[in-house]
Amino acid sequence: MRAHPVRLAGVAAVAVVVLAPLGLVLYQSLLNAPFFSPAARASLAAYRYVLADSDFHGAFLTSVIIAFGMVGIAMPLGGLLAFLVVRTDLPGRRWIEPLLLVPIFLSPVVLAFGYVVAVGPVGFFSLWVKALVGTVPWNLYSVGGLILIAGLSHVPHVYLYTASALKSLNPELEEAARTAGAGVWRVALTVSLPLVAPALVFSGVLVFFLGFELFGLPLVLGDPAGILVLTTYLYKLTNLLGTPSYHLMAVVAVAIIAVTLPLVYLQRHLLRYANRYITVGGKGLAARPLPLGGYRWPALILVLVWLAVTVVVPLSGVALRSVVATWGEGVHLTEVLTLHHFRELMEYPNLVRGIVNTLLIGTVGGGLAVAVYAGIALVSHRWQGRGAVLLDYLVMTPRALPGLIAGLAFLWIFLFYKPLAPLRSTLFSLWLAYTVVWVAYGLRLISSALYQVGPELEEAARVAGAGQARVYRDVTLPLVRFGLLGSWLLIFMIFCREYSTGVYLLGPNTEVIGSLIVSLWGTGALDLIAALSVINVLLIGAGLAVALRLGVRLHA
Amino acid sequence: MTRTGWTIAIGVLVGLLPGLALAQVPEGYPGSYKEIVAAAQKEGKLVVYSTTDSASAEPLLKDFKTLYPFLQVEYNDLNSTELYNRFISEAAAGAGSGDLLWSSAMDLQMKLVADGYSQAYESAELRHLPAWSVSDKKAYGTTLEPLVIVYNKRLLPADAVPQSHADLARLLKEKVQLFKGKAAMYDAEKSGVGFLLITQDFVNWPQFWDLAAAFGKSGAKYYTSAGAMMEKVASGEHLLAYNIFGSYAMLRMKKDPNIGLVSPKDYTLGMSRIAFIPKAARHPNSAKLFLDYMLSKRGQNLMANQSLLHAVRSDVEGQATAGALHKELGDKLKPIPVSAKLLEYLDPARRLEVLNKWKQAARSQ
């Protein structure tokens, strides 16, 4: 069967939007000066410099180690958490789920800073432990610490995809294993998790990509120990020669993309036999939670420990910093309590507009992005053609582009591609940039919802004489509406946090919370940053609570 | 003229009147200044690209708007690399950009001036400005901010508070246990301003490399942001941080009594936020008004006493002023001149040479 023109057009549209920034970066890497400079000539000098630089080798290796470490922590833990929350009778699983999501919407710089205040060398928790045992038995500023924190804070990504897949798993399969005498762990390891392998592998690859793109965490936690990763190496390249060396930075970005392409291949290869909609089911069967038996409480303790380390520790650090004038060694916290930071923050220029813009880009922008992702997902729905393969590669690469480069690339596109120029300083440009870099994330959320619609339902509509568009409109989309709403909620959180991609597109009327944080960071007003982050968490938390209350489910 | 025509004409005149009434030429300015004011009024708008955070700039902008209420000011608060990237990209694309660039990255600003992006403008305040702060009427230093040592008053014993650069080097070497891993300074490789400051250090004080090595040997930590350094000095994770903008340190001291600062007695560097008007500015006359306002006694007074940005003019009273610094330091105050000399270390070979030297010192065990 030949691909439908609409499908081809869809792939072509995605290709243009994704390849424009990537192509620009590739082009820049092959020059010896900014591409817009009259002095720019084709040259491989940038490649020669970067590839021979020992700092690059070191940073590359560290990034690889961190990315693998993150996958090693996030994949098993995320899979396990998903199984526990979705498929078992774990106590309190209903209220655990929203808490699991906190690391997704907290800005990484703030998260890292929260850890510094709580468990840094003179953090309040460290000092408490030191008073007990005489020393602080951990070092936050180390590759190990970085891997642990990055790994744990990316558990939610794996959790989300796996939980979504587990929910749509036909419970009869697990029941059959139970009847044959398998224990709950045996069911998990031999039935449930293998059946959701596509989701697990996809989220593993995504986490690996995010590991390469990590910036805020290594900047705050790696700098004091001189740990260099690819993104902080990029940061160094902006200053190394005094003026930013775009060609050198572009080479690093190309190197990162070169690493990600084989990964997408690997992902496709691993899943080549996994018929993607094998888990279609539901069929009105209510899944009965698997009894954990004696494991109930140990499992709960494991979940609580993860929550404590990943959510409670950094959040308590941020919250504490927002209400004290100073902190650290030799300070009695009760003597320095103050609400001054919140009062001062209220007077900060453009604060309200920043918050409003953030919420706008999260809600309206997130909703539009979901609509776009749904369009792309429908275009490639149940399509096995070559275009679908191309699409897999296309959507994955933008997220591997570090924010520092992605931000510049989008600025250049809006500057030098004249039809877009009038939109440069509007929230639209910001929205487009966010939508492009998170396309893999959102698309997967939606396509996994789509695959849960039994093909027989679509077939039935088609037999009754409906065209493809009508099938989608009257059958597929209504059936996945909860999946779409859940995706919207998740994209909302991601968009509220995203910042670096839009850094060059922001103007005086389009500031977002992220840009306010960076501006405060510049003057060292970490007290105000803490106060702003507390407000941010409360706002998003409230939004999340309202959405869940209204019946939005996190996965279909 | 038709009736509607009259109505419109009268409406326009009435609309302009309040603006005209308020937009007077500041005292002491030449009479021809009213042409600039009139032209600015036609432009109606001013776009500022700045590294000074909005909160610090707020009092200045508010007061400026009371002088010229017809101007709509768009204040973009960026970091210095962003400012540079954005400006050169926009200039190359021929797109709208800042009408006035105001940045603390002195070398990047002078690079833009040297590359021909700046237009010459003789500020009406020129004769009140020190000679070192103006380059060829194309770049104006607007502040004089001391580079200080910030320390933790709670934890650093009085006899270990360094009073000069030489003192700092000596203390780092003598009090090994106390300072082990407890000193902080800019990472000259990652931070443009950090690099600029060390080049000024060794120009003013040849023994600087001895200090850099003392930092290295004490296991000092290197940062990209002054904010992170000050926070960690406040918490006691570090005892002191070196080459911190005095303006940020003073803002911090107001809120946190644990922070102390020292202007080194052997020499104190003074940096200046440089402002210039790009050639391609779309609202050049508005930019001239703002530049003159920033350099005026009125503007400088606000900068010194409300924003704590340290006035460059010597006729302004207050704590954060050049006058106060001169009184405290005399000829030990070394302003970094606003001049093409700042470009010296933008030459890749020379820059890498200094960086390698610094790396060796900073990593020496």
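**Entry 1**

I started with Val48(B), whose bridge partner in β2(B) is Tyr75(B). This is a predicted model, so local features need pLDDT of at least 70 and side-chain atom pairs count only at pLDDT 80 or more, while totals for chains, interfaces and linings use all residues. Residues are numbered from 1 along each chain as its sequence is written, and chains are lettered from A and ligands numbered from 1 in the order in which they are written. Strands here are DSSP runs of E with at least two residues, helices are runs of H or I with at least four, and both are numbered from the N terminus. Two strands pair if DSSP finds at least two bridges between them.

I then looked at the strands around that pair. Strand β1 (residues 45–50) of chain B is joined to β2(B) by six bridges, and the two run parallel.

Next I checked what lies on the sheet. Helix α3 (residues 54–67) of chain B packs on it, touching β1 and β2 of chain B, and its direction makes about 165° with that of β2(B). Angles run from 0 to 180 degrees between N-to-C directions, with axes as lines fitted to C-alpha atoms, for helices over the stretch in contact. Contact means that the C-beta atoms of two residues, placed from the backbone, lie within 7 Å. Helix α12 (residues 284–295) of chain B also packs on the sheet, touching β1, β3 (100–103), β5 (139–141) and β12 (274–276) of chain B, at about 55° to the direction of β1(B).

**Entry 2: the whole sheet**

In what order do the six strands of this open sheet in chain B come? I read it as β2-β1-β3-β12-β5-β4 (chain B), with mixed pairing. β2 (72–77) and β4 (134–135) of chain B are at the edges with a single partner strand each, so one side of each has no neighbour in the sheet.

**Entry 3: other strands of chain B**

I looked up strand β7 (residues 183–186) of chain B, which runs parallel to strand β9 (residues 240–245) of chain B and is joined to it by two bridges. Ala184(B) is opposite Ala241(B) in β9(B). Three bridges also join β7(B) to strand β8 (residues 221–223) of chain B, again parallel, and there Met185(B) faces Tyr222(B) in β8(B).

Strand β11 (residues 268–271) of chain B is covered on both faces: Thr268(B) and Gly270(B) on one side, and Leu269(B) and Met271(B) on the other, are all buried. Buried means 20 or more other C-beta atoms within 10 Å of the residue's own, exposed means 12 or fewer, and partly exposed is in between, with C-beta atoms placed from the backbone. Strand β6 (residues 145–152) of chain B runs antiparallel to β11(B), with two bridges, and Glu145(B) is opposite Met271(B). Three bridges join β11(B) to the parallel strand β13 (residues 333–335) of chain B, where Leu333(B) is the bridge partner of Thr268(B).

**Entry 4: Trp358(B)**

I found Trp358(B) in helix α15 (residues 348–362) of chain B. Is Trp358(B) buried or exposed? Trp358(B) has 25 other C-beta atoms within 10 Å, so it is buried. Leaving aside neighbours within four places in sequence, Trp358(B) is in contact with Ala188(B), Ile198(B) and Ala212(B).

**Entry 5: where the chains meet**

I counted 51 residues of chain B in contact with 41 residues of chain A. Helix α4 (residues 80–93) of chain B gives the largest share of chain B's side, nine residues.

**Entry 6: chain A**

Chain A has 27 helices and zero strands. Buried residues make up 54% of its 556 residues.

I picked out helix α15 (residues 246–270) of chain A, whose buried residues include Tyr246(A), His247(A) and Val264(A). The buried residues of α15(A) pack against α1 (5–29), α2 (45–52), α12 (197–213), α14 (230–240), α19 (386–396) and α20 (403–416) of chain A.

Last, I looked at Tyr499(A), in the loop between α25 (481–497) and α26 (513–523) of chain A. Tyr499(A) counts as buried because 25 C-beta neighbours lie inside 10 Å. Not counting residues up to four places away in sequence, Tyr499(A) touches Val512(A), Gly514(A) and Ser515(A).
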